[in-house]
Amino acid sequence: MVGSCFSFEALSTWSLSLFESRCGGMLASIWTTGMPEGKSNFASDVDWMYGFINIVNVIFFVPIVFALVYFSIRFRKPPGAKAESDVSHNTPLEIVWTVIPMIIVVFMFFIGFRDYNKMLAAPADAYTIHVKAQQWSWGFDYPNGMHTDYDKGALDKDNNRWAPTDPDQGLHLPPGVPIRMMMTSDDVLHSFFIPEFRVKQDVVPGKISSVWFTPDTPLGDEPDMYWLLCTEYCGTSHSEMLSAVYVHPTWDSFLAWQVRASSWRDEQSWEERGEILSRRKGCAQCHSVVANAKGAWTGPTWYGLWGKTAKEHAVITRGTKVREEIAVTGEGGEAYLLESMRDPFAKLAEGFGEVMPIKRLSEEEILYLIAYIKSIGKKE
Amino acid sequence: MNPPETGTAAPVAEAPAVPHHYLNHSKGFLSWALTLDHKRIGIMYLIGVLSCFALGGMFALLLRTELWAPGDTIAGIFVKKGGTKTAQDIYNMWFTVHGAVMVFLVIIPGVPAALGNFVLPIMLGAKDVAFPRLNLGSFYLWCLGAIFFILTLFMGGVDAGWTFYTPYSAITSTAVIPALVGVFILGFSSIFTGMNFIVTIHKLRPPGMTWFRMPLFLWGSYATAVIQVLATPVLAITLLLLIMERTLHVGIFTPEYGGDPVLFQHFFWFYSHPAVYIMILPAMGIVSEIISVHSHKRPFGYQFIAYSSVAIAIFGFLVWGHHMFTSTQSPAMNAIFSAITFSVSIPSAIKVFNWLATMWGGSIRLTVPMLYGLSFIFLFSIGGLTGLYLGTLSTDVHFHDTYFVVAHFHYVMMGSALIGMFGGLHHWWPKMTGRLYNGKLARIAWAFVFVGFNVTFFTQFLLGSQGMPRRYYDYLPRYEIYHKISTIGSYMMAVGFAIMGVYLLQSIFGGKKAPANPWGANTLEWHCTSPPPHDNFKTPPAIEDCYDYSGIDYDPAIGGYTSRANPPK
């Protein structure tokens with residue numbers, strides 16, 4: 001649509017190459033130090049533009065500050081002294097300082113526009129991953145039917161760095177191919193941002209939005225790790241809506257991960273699978289699993305939930321708003337837990353708000369979670 | 001006729017000891033609460049705006065303290081045991097309240113309603129604004145809006161962000177509706193002030209003061225008033241629609257009911273982008289006055305500055321989409337909005353060059369208002385130049401919704417609009433109160449504010465280019481050092497503003513008497529006494545060239561300046 005804007009393209013390519021060959025390359029590398037190291041096909045364009053604007057800004061800002069300081073000293077006078085000059089305007093000068101910035105910003109707009117156009121349409125052969133954003137987690141569906149959940153990581157206290165907790169989860173990317181993200185949201189606005197890739201795209205409920213990039217292939221044998229961050233405010237745990245992203249060095253590595261990640265259940269009991277799922281699906285963000293957890297929790301605790309008698313557990317029924325006492329035991333208890341995962345507000349635990357997002361959980365996953373909930377703080 | 005005059009002879013004889021002015025014109029609570037005097041309304045606005053500034057600033061300090069280190073720092077203290085509000089929720093409410101209070105209660109009414117109300121009619125040589133009752137009404141609307149905001153705090157707070165983006169604002173369980181009603185009411189307050197100023201400038205200019213002989217502050221105020229009247233209704237409509245959506249579930253912005261969330265962003269920024277110019281244009285007007293007066297030189301390129309105010313006001317309506325480059329807005333619209341956005345940078349650059357050229361060859365005094373004026377040029381230059389990264393499509397994709405944007409708009413909204421307002425406050429303080437403030441303390445406070453501001457917000461440019469997103473309660477350890485520096489800067493600013501509070505109060509209760517014209521200005525407000533009399537001018541002043549400083553002479557005996565054309569009476 002816009003890429004072929006008559007000969008502006010040729011003009012800008014020519015001026016860019018001229019600039020880059022003379023001084024741009026070196027200066028840009030000096031001036032882009034503020035950015036995290038670029039790791040995708042867009043990084044060089046974006047960083048060049050960043051460096052270019054840095055240089056333009058220095059060229060404008062330094063003389064402005066110099067004039068500000070120099071005039072303040074040079075023309076400082078005691079009270080009552082008359083001004084040296086009474087010049088009221090100088091039309092040629094004013095036209096010059098109007099026209100020069102105009103030329104610069106037209107150039108800036110055009111290069112930014114040209115580079116942005118490259119970010120728009122993904123190549124036809126791109127590897128497409130469906131990203132599902134919801135409060136406050138990411139889910140990733142791969143073309144072969146595989147699914148992974150986000151991995152928000154945890155503080156590695158020894159090294160004071162944030163480290164992944166579950167290296168098989170998170171977003172895994174194959175090397176050397178364009179990747180296209182097709183993104184949908186279940187609830188509110190979110191935004192997909194990986195700083196090193198210089199890409200960002202809002203995820204809007206009711207729409208499919210899309211972003212593409214080709215990550216740099218890692219140099220060593222290990223996958224490169226990045227953080228995917230949510231950059232559109234989405235409520236309580238917005239700042240915890242991040243996920244580890246891996247770029248594999250080879251397709252073999254990528255496929256080996258797929259095999260590993262698909263067989264995570266093999267060695268685990270139902271309770272253990274439920275425990276893993278409660279982290280992957282984000283349940284553990286709002287439901288505490290230990291006795292007398294500190295602080296406020298958005299959802300009711302799972303500790304000792306199973307086995308509560310009708311006297312100990314009350315819910316508010318949707319619609320009628322009737323308070324109802326439910327024993328969380330037996331088949332009735334299992335049915336209640338299942339309903340609460342599928343339709344959380346049908347019977348809302350008393351004292352809590354309607355905030356729980358509805359997760360897409362398979363039947364087995366629900367069984368695992370129920371088995372896990374039953375095991376927490378069990379009454380002997 | 002004669003007896004009453006002789007009857008009042010005794011009080012008149014005492015008059016020189018306690019000169020009559022607007023502050024002692026009448027006494028009692030009602031004389032303020034029901035006043036139609038634009039000066040008293042301006043003072044009431046000023047007290048309100050500065051109180052809200054303290055409130056918003058307190059939330060800013062809480063935010064910065066929370067961000068001192070990753071994980072919970074202080075928000076956890078405010079968590080109720082057994083409650084459902086987590087430390088994150090508390091933090092989210094803080095930044096919502098900070099943003100909403102600062103934008104809607106402080107910066108938007110700050111210059112036009114507080115300083116503008118006081119100064120604008122006197123600058124015109126008028127007795128009052130065109131509609132004094134409407135003026136008082138708009139002050140009470142401001143109060144009502146403020147009450148709704150305070151109510152929101154007591155109803156558990158609101159966590160939608162000051163932008164109220166849907167669908168989150170439509171589904172969050174916090175007190176969104178009282179906050180929206182508050183903003184709605186404040187919008188009307190703003191519209192009434194704007195209408196009042198437009199009519200006042202059109203109809204109450206004295207004979208001889210043509211459009212191009214108006215002080216530049218009036219040009220800035222006029223351009224602002226036009227935006228207030230044209231843009232604010234759109235915000236009001238948007239907020240009403242959002243209230244309807246929350247209460248009646250009418251599908252406008254929320255996909256669940258068949259609405260489009262991006263539509264909300266269009267409506268919101270259609271107001272809120274021009275609102276940036278509601279904040280900055282009057283501050284630019286103040287700076288044009290300050291630079292000219294304290295350089296004792298005619299503003300360079302008066303017509304360019306005046307036209308650029310109008311140009312900014314017009315272009316300001318056409319660039320709202322640059323807030324939405326990553327929102328799923330169409331790429332063609334992104335390109336158009338990017339192009340128009342760059343066109344706003346031109347009149348802004350012109351103003352900076354004109355201010356500098358005004359200083360050239362002047363007789364500069366580095367008074368406190370002048371220090372704020374110079375700071376404005378410095379900070380606005382940074383704010384404006386960093387806008388280039390955000391107007392450029394390819395770089396904005398990286399910077400959008402990161403701390404880079406936070407830093408950019410704080411340079412424009414606080415570093416420019418608020419610093420401009422404080423410049424104006426220090427410039428007109430002697431006129432408003434009839435007192436001088438402690439110059440030494442004022443310079444120390446200025447230094448704290450200026451240095452603290454840059455430490456706080458320049459660091460945030462680095463945070464943003466590193467990829468730190470906005471509105472994060474917690475963050476990756478790699479950002480910690482920048483957050484620490486930024487927090488230290490915010491405390492420096494707090495010290496600066498605390499000192500300012502001290503010397504301004506000291507000035508009211510025991511400051512030296514101010515001369516009528518302490519700076520050597522020649523706009524009309526400096527031709528009446530300090531503080532001005534109730535009716536501003538006993539006899540209409542002679543209208544002359546308000547930027548001609550040749551007839552203004554320094555009189556060391558009074559520590560101020562006298563005018564040959566309008567000698568003191």
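Two residues are in contact if their C-beta atoms, placed from the backbone, lie within 7 Å. This report uses that sense of contact in describing a predicted model.

**Packing of two helices**

In chain A, helix H5 (residues 270-280) packs with helix H7 (residues 363-375). Two packed helices are described by the angle between their axes and the distance between the axes. For this pair, the angle is about 100° and the axes are 7 Å apart. Angles of 65 to 115 degrees count as roughly perpendicular, and H5(A) and H7(A) are therefore roughly perpendicular to each other.

On the H5(A) side, the residues that meet H7(A) are A:Trp270, A:Glu271, A:Arg273, A:Gly274, A:Glu275, A:Leu277 and A:Ser278. Their counterparts in H7(A) are A:Glu365, A:Leu367, A:Tyr368, A:Leu369, A:Ala371, A:Tyr372 and A:Ser375. By class, the contact of H5(A) with H7(A) comprises seven nonpolar, three polar and four charged residues.

**Chain A as a whole**

Chain A contains seven helices and 15 strands. Its C-alpha trace spans about 90 × 65 × 45 Å along the principal axes. The radius of gyration of chain A is 29 Å, whereas a compact globule of 380 residues would have one near 21 Å. Of the 380 residues, 37% count as buried. Among contacts between residues at least 6 apart in sequence, 62% join residues at least 24 apart.

Strands of a sheet pair through backbone hydrogen bonds, either parallel or antiparallel. In chain A, three strands form an open sheet in the order E14-E13-E15, and the pairing is antiparallel. Strands E14 (323-325) and E15 (347-349) are the edge strands, each pairing on one side only. On average, neighbouring strands of this sheet are turned by 40° against each other, direction ignored. Strand E13 (residues 314-317) and E15(A) pair over three bridges. A:Ile316 has A:Leu348 in E15(A) as its bridge partner.

**The side of chain A that touches chain B**

Contacts between the chains involve 84 residues of chain A and 83 residues of chain B. Elements of chain A that each supply at least two residues to this side include helix H2 (43-74), helix H3 (91-118) and strand E11 (224-230). H2(A) gives the largest share, 14 residues.

| Class | Number on the side of chain A that touches chain B |
|---|---|
| Nonpolar | 45 residues |
| Polar | 23 residues |

Terms used
Residues numbered from 1 in each chain as written. Chains lettered and ligands numbered in written order. Predicted model: local features only at pLDDT ≥ 70, side-chain atom pairs only at ≥ 80, totals over all residues. Helix = DSSP H or I, 4+ residues; strand = E, 2+ residues; numbered from the N terminus. Rg over C-alpha atoms; globule rule 2.2 N^0.38 Å. Buried ≥ 20, exposed ≤ 12 C-beta atoms within 10 Å, placed from the backbone. Pairing = 2+ DSSP bridges. Axes fitted to C-alpha atoms, helices over the stretch in contact; angles between N-to-C directions. Nonpolar A, V, L, I, M, F, W, Y, C, P; charged D, E, K, R; others polar. Parallel < 35°, antiparallel > 145°, perpendicular 65-115°, else oblique.
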